[in-house]
Amino acid sequence: MADTDQITTDVKQELSQMVKEANETLPAHEKMRLETTYFDTNVNIELTTEVTYHSQYQNKMKVTIDDTVLSHPADDQYHFAEAVDMLNTYAQKMDTIYHQNDSFIHKI
């Protein structure tokens, strides 16, 4: 869970940590890099974008503006870097949708 503008950074950091931990047990000639590492199992990425509205006189209100599941079978060799790129694209799309449809304040 992260803010839309922070999710790519958070996921990249978490995946980088996974690669770093895996590399601690690998010989030098088998070390992995984030750019070339891929999932070797079925992957389901579940993305939900929610907006929380706060008001002085009303209870907090949470609105879901998107709910997406992306599936990738193990034989696709879905790379970590592709997942990060996809999240960046998704975050930008959700930010645009929010500002076009659900925001009371519009960007100029």
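Visitor: What do the buried residues of helix 1 pack against?
Guide: In this predicted model, the buried residues of helix 1 pack against helix 2, which runs over residues 80–102.

Visitor: Which residues of helix 1 are buried?
Guide: The buried positions in helix 1 are Thr-8, Leu-15, Val-19 and Asn-23. Around the axis of helix 1 they cover an arc of only 85°, which puts them on the same side of the helix. Gln-13 and Glu-14, on the other side of helix 1, are exposed.

Visitor: Why would residues spaced like that point the same way?
Guide: As a general point, an α-helix has 3.6 residues a turn, so residues three or four places apart point the same way.

Visitor: And what does helix 1 span, end to end?
Guide: Helix 1 covers residues 7–23, and at 1.5 Å a residue its 17 residues should span 24 Å; the C-alpha atoms at its ends are 24 Å apart, which agrees with that expectation.

Visitor: How far does helix 2 reach from its first C-alpha to its last?
Guide: Helix 2, with 23 residues, reaches 31 Å between those two atoms, close to the 33 Å expected at 1.5 Å a residue.

Visitor: Back to the packing, then: which residues of helix 2 are buried, and what do they pack against?
Guide: The buried residues of helix 2 are Phe-80, Ala-83, Val-84, Met-86, Leu-87, Tyr-90, Ala-91, Met-94 and His-99. The buried residues of helix 2 pack against helix 1, strand 1 and strand 2.

Visitor: What is Leu-15 in contact with?
Guide: Setting aside neighbours within four places in sequence, Leu-15 is in contact with Leu-34, Phe-39, Phe-80 and Val-84.

Visitor: And Asn-23, what does that touch?
Guide: Not counting residues up to four places away in sequence, Asn-23 touches Lys-31 and Met-32. Asn-23 has its place in helix 1, and it counts as buried because its relative accessibility is 12%, where the cut-off for buried is under 20%.

Visitor: Which residues of the largest nonpolar core touch the most other members?
Guide: That core has 15 residues, and those touching the most other members are Leu-15, Phe-39, Ile-45, Leu-47, Tyr-78, Phe-80 and Met-86. Helix 1, strand 1 and helix 2 are the elements that give two or more residues to this core, and the largest share, seven residues, comes from helix 2.

Visitor: Let's switch to the rings. How many aromatic pairs are there?
Guide: The count comes to two aromatic pairs. One of them joins Phe-39 and Tyr-78, and it is stacked, at 6.0 Å centre to centre with 20° between the planes. Phe-39 lies in the loop between helix 1 and strand 1 (43–53), whereas Tyr-78 lies in the loop between strand 2 (61–72) and helix 2, so this pair ties together parts that are 39 residues apart in sequence.

Visitor: Are Phe-39 and Tyr-78 buried or exposed, and what about the other pair?
Guide: Phe-39 and Tyr-78 are both buried. In the other pair, Phe-39 and Phe-80 are tilted, with 4.6 Å centre to centre and 45° between the planes. The pair links distant parts of the chain, 41 residues apart, with Phe-39 in the loop between helix 1 and strand 1 and Phe-80 in helix 2. The relative accessible area is 18% for Phe-39 and 6% for Phe-80, and Phe-39, Tyr-78 and Phe-80 form one aromatic cluster.

Visitor: New topic: how many salt bridges does a search of the whole structure find?
Guide: The search finds two salt bridges. In one of them, Glu-50 and Lys-62 meet through their side chains at 3.7 Å, N to O. Glu-50 lies in strand 1 and Lys-62 in strand 2, so the pair ties together parts that are 12 residues apart in sequence. Glu-50 counts as partly exposed at 39% relative accessibility, while Lys-62, at 55%, counts as exposed.

Visitor: Which residue does Glu-35 form a salt bridge with?
Guide: Glu-35 pairs with Arg-33, the closest N and O atoms being 3.9 Å apart. Glu-35 is partly exposed, with a relative accessible area of 48%.

Visitor: How far apart are Glu-82 and Glu-35 in space?
Guide: Glu-82 and Glu-35 are 8.4 Å apart, C-alpha to C-alpha, and 47 residues apart in sequence. Glu-82 has its place in helix 2 and counts as partly exposed at 39% relative accessibility.

Methods
Residues are numbered from 1 along each chain as its sequence is written. This is a predicted model: local features need pLDDT of at least 70, side-chain atom pairs count only at pLDDT 80 or more; totals for chains, interfaces and linings use all residues. Side-chain values use heavy atoms; hydrogens and water are left out. Helices (H or I, at least four residues) and strands (E, at least two) are DSSP runs, numbered from the N terminus. The expected span of a helix is 1.5 Å times one less than its number of residues. Buried means under 20% relative accessible area, exposed over 50%, partly exposed in between (1.4 Å probe, protein chains only). The arc is that of the directions from the helix axis to the C-beta atoms. Contact means heavy atoms within 4.5 Å. Rings of Phe, Tyr and Trp (its six-membered ring) pair if their centres lie within 6.5 Å; planes under 30 degrees apart count as stacked, over 60 as edge-to-face and the rest as tilted. A nonpolar core is a set of buried Ala, Val, Leu, Ile, Met, Phe, Trp, Tyr and Cys residues joined through side-chain atoms within 4.5 Å. A salt bridge is a side-chain nitrogen of Lys or Arg within 4 Å of a carboxyl oxygen of Asp or Glu.
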